[in-house]
Amino acid sequence: MKFMQRVMSLLLSCALALAIFIVAVSYTTSSRPGSSGDETPHWKAKKTQTASLNAKPPQNLNRSLLLPTSSTTNESVRKELNSDNGGGAPGSRDRMAPITSDINFGPPDPWVLWNEEWVGQEYLYPEDVFWSGEMNGLLRSLATERITGFDVGYKGTQLKATMMLGEQKTVFKPMRYTRDAVITGDPYAGFDMHTGEIVGFHLDGILGFRMAPPVVGRRVNLTAIKNITGAKLLETYFVKDGNTCFYGKCHYCKPAEAACAERDVMEGSVTIWLPSWYQLKVWRHPYQRTYVKGRKARWEKDPNYCISLLDPSSGYYHGLLDIMDTAVYDFLMCMALKHSRTYMCVCVCVC
């Protein structure tokens, strides 16, 4: 009898303890903010967590913490970040700026660098640019950018063509000699060598003058760009021994001295054009030749001619050091042709 009483007492104690536990758990669950008292099954946990990200955040929550971590919530969060803040005044800045994707982390545009940043009054590019990746990028663009226009070149004595690479203007000088050709005769005999333009740019950079525009070599298929070639240049096209040739328009250009491709492909040099805003001033070179056999120039006859240039009123006084620089440059380039001296000597050869 006493044993049964103990068992019943123990069972009543366990029942009372269980009842107290259930009441405590129920109270805790029902008192949780925003809870209905129903336990969420574990297999629904991920779905509920994802849906909570789509809910509108409290106004005092830092929105920089809401950047999406998955593509499923990216669009909803972007809309929330770009929406009105609900309580701010019109035009309020109390919100995160719209998410944009127009930031460019790629290499700089070589045409922008050249036309807007590099060219200055005393140089064509900054001191640390010649060996840089930016210069390599510019040269690569000159060599590979799609050709959008091809026409007669600007005035002068030598054959050249204007080549457009998008919006960038360049000068194309065709190959007239093989690369190992040696020109004999007068110092100014023969045509311009396209390889000389390329070497001239690199020599100028090595000497630190920075007065020669960037130049590269390039092969051009004349037939492939015929549909974008100007009518004036097309008028000078003809075929000789199966090779496409043209003689262009210049002071000495004529059919007998045309430049010819190998079949349709013509090699040449491509020189970038100076920015449109860059204005040049031109003076006669003080040591210009007469180009008339038997007639000497004043500097060849007058022993005091050099002294006269040192006079500040001569017009050459402030440019003599530039002329001496280009004299060294011309000697190394075997360049004897000089008609005029362009201000700051920005061209490899002014002719």
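Mentor: Let us begin with lysine 169, which lies over the face of tryptophan 273, at 4.1 Å from the ring centre. The model is a predicted one, in which local features need pLDDT of at least 70 and side-chain atom pairs count only at pLDDT 80 or more, whereas totals for chains, interfaces and linings use all residues. Residues are numbered from 1 along each chain as its sequence is written, and side-chain values use heavy atoms, with hydrogens and water left out.

Trainee: What makes a charge sit over a ring?

Mentor: NZ of Lys or CZ of Arg must be within 6 Å of the ring centre and within 35 degrees of the ring normal. Arginine 176 is also described in this way: its charged end sits over the ring of phenylalanine 191, 4.0 Å from the centre.

Trainee: Why is the pair of tryptophan 277 and tyrosine 278 called edge-to-face?

Mentor: Rings of Phe, Tyr and Trp (its six-membered ring) pair if their centres lie within 6.5 Å; planes under 30 degrees apart count as stacked, over 60 as edge-to-face and the rest as tilted. By this rule there are 11 aromatic pairs. In the pair you name, the centres are 5.4 Å apart and the planes stand at 75 degrees, so the pair is edge-to-face.

Trainee: Are these two residues buried or exposed?

Mentor: Buried means under 20% relative accessible area, exposed over 50%, and partly exposed in between (1.4 Å probe, protein chains only). Tyrosine 278, with 9%, is therefore buried, while tryptophan 277, with 44%, is partly exposed.

Trainee: What makes the pair of tyrosine 287 and tyrosine 305 edge-to-face?

Mentor: The ring centres of tyrosine 287 and tyrosine 305 are 5.6 Å apart and the planes lie at 85 degrees, so this pair is edge-to-face. Tyrosine 287 has 25% relative accessibility and therefore counts as partly exposed; tyrosine 305, at 9%, is buried.

Trainee: Which residues line the second largest cavity?

Mentor: The lining consists of Gln158, Leu159, Lys173, Pro174, Arg176 and Asp192. On a 1 Å grid over the protein atoms alone, a cavity is a set of points where a 1.4 Å probe fits but cannot get out, and lining residues have an atom within 4 Å of a point. The volume, which is the space filled by probe spheres set on the points, with grid points joined across faces, edges and corners, is about 40 Å³ for this cavity.

Conventions. 1 Å grid on protein atoms, 1.4 Å probe; cavity = no way out; pocket = protein on both sides within 12 Å on 5 of 7 lines; lining within 4 Å.
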